[in-house]
Amino acid sequence: MLAIVLVGRRGWRRIALPGRDLVQCLLLGMLGVAASNYFYYVAIQKTSVAIAIIVQYTAPVWVLLYVVARRQQKLSLQKVAAVAVAITGIALTIGIAGPKSFSALHLDSYGLFAALLASFSFAFYNVGAHDVLARHDRWLILLWTLTSASLCWLSLNPPWRVVAARYAPQEWGFFFVFSMLSVLGPFSFYFHGLQYLEPTRAIIASCLEPVFSILLAAALLGELLKPIQSLGIALVLTAIVIVQRPAKGSAVREESACVEPME
């Protein structure tokens with residue numbers, strides 16, 4: 001759908017990318033988007049949603065270590081505190097912390113390894129996408145990244161296997177709506193955010209995902225929101241506020257380094 005819209009508005013020539021950037025988008029799609037989703041689902045299957053989420057959301061740690069190792073950012077107490085508070089908040093929000101929580105957790109070495117790979121993949125496309133978005137319009141990057149992820153999945157789950165599943169028209173309708181609202185929409189917003197935010201700030205902001213899951217479950221499904229979950233939500237919000245606050249003496253530097261998004 002995105003390709004149809006872009007080609008219709010811009011033509012084939014205007015959606016092309018230079019070879020180097022195209023290869024980077026293909027890697028982002030396969031090793032970032034596709035891999036993070038696949039390993040996350042494996043982790044859920046082998047362990048639990050709580051374990052999968054908390055391990056995947058160690059991704060801010062890997063992003064912070066990477067940008068510091070590459071000397072793209074300096075290691076500051078502000079960023080370390082924000083990462084630690086965010087992960088603690090997620091642990092409380094999904095119920096992985098508490099007197100009776102660990103007895104209910106199902107630990108599986110393969111599942112834990114899959115969740116760790118999901119966190120690496122999540123961190124990879126945060127750093128990689130931020131880099132290539134500094135040079136190109138986000139819609140082009142999103143198009144080629146999702147195309148790469150789609151081609152990866154088509155090789156693993158070919159069309160004839162999908163046809164053989166004989167999904168009903170209502171199921172195809174659900175797939176279409178789900179892909180628009182849960183894939184294309186969120187990724188377009190997230191890539192837009194990566195044009196304005198450095199990877200550390202963007203990935204910590206993404207820690208709101210499990211928070212909204214809990215709040216939506218409470219609002220739409222009638223699930224009870226426990227006090228410890230409320231504390232976890234407060235910690236995640238606190239982490240986002242901490243990391244978004246400009247460090248002393250960095251306001252001028254960050255403003256000069258900001259890349260204007262291409263529309």
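**Entry 1: the chain as a whole**

I began with burial, and I noted that 40% of the 263 residues of the chain count as buried. I reminded myself that this is a predicted model, and I therefore looked up the confidence as well: the mean pLDDT of the chain is 81, and 88% of its residues reach 70 or more.

**Entry 2: secondary structure and contacts**

I then went through the secondary structure, which comes to 14 helices and zero strands, and reading along the sequence I found the pattern α-α-α-α-α-α-α-α-α-α-α-α-α-α. What share of the contacts with a separation of 6 or more comes from residues 24 or more positions apart? I found that such residues account for 86% of those contacts in the chain.

**Entry 3: helix H4**

I turned to helix H4, which covers residues 59-69, and listed its buried residues as Ala59, Pro60, Val63, Leu64 and Val67. Looking down the axis of H4, I saw that these buried residues fall within an arc of 135 degrees, so they line one face of the helix.

Is Ser148 buried or exposed? I located Ser148 in helix H8, which spans residues 138-156, and I recorded it as buried because its relative accessibility is 2%, where the cut-off for buried is under 20%. Leaving aside residues up to four places away in sequence, I found that Ser148 touches Cys25, Leu26, Gly29 and Met30.

For contrast I looked up Leu220, which lies in helix H12, residues 208-220, and I recorded Leu220 as exposed because its relative accessible area is 67%, where exposed means over 50%. I also found Leu220 in a nonpolar patch on the surface, which it forms with Phe212, Leu215, Leu216, Leu221 and Leu225, and which has about 610 Å² of accessible area together.

**Entry 4: a stretch to read with care**

Where does pLDDT stay under 50? I found this over residues 251-263, for which the model has 13 contacts beyond four places in sequence. I keep in mind that where pLDDT is low, the predicted coordinates should not be read in detail.

Terms used. Residues numbered from 1 in each chain as written. Predicted model: local features only at pLDDT ≥ 70, side-chain atom pairs only at ≥ 80, totals over all residues. Heavy atoms only, no water. Helix = DSSP H or I, 4+ residues; strand = E, 2+ residues; numbered from the N terminus. Buried < 20%, exposed > 50% of the residue type's maximum accessible area, 1.4 Å probe, protein only. Contact = heavy atoms within 4.5 Å. Patch = residues over 30% accessible without salt bridge, like charges linked within 9 Å, V, L, I, M, F, W, Y side chains within 5 Å. Areas by Shrake-Rupley, 256 points an atom, 1.4 Å probe, with all protein chains shown as cover. Salt bridge = Lys/Arg side-chain N within 4 Å of Asp/Glu carboxyl O. Arc of directions from axis to C-beta. pLDDT = per-residue confidence, 0-100.
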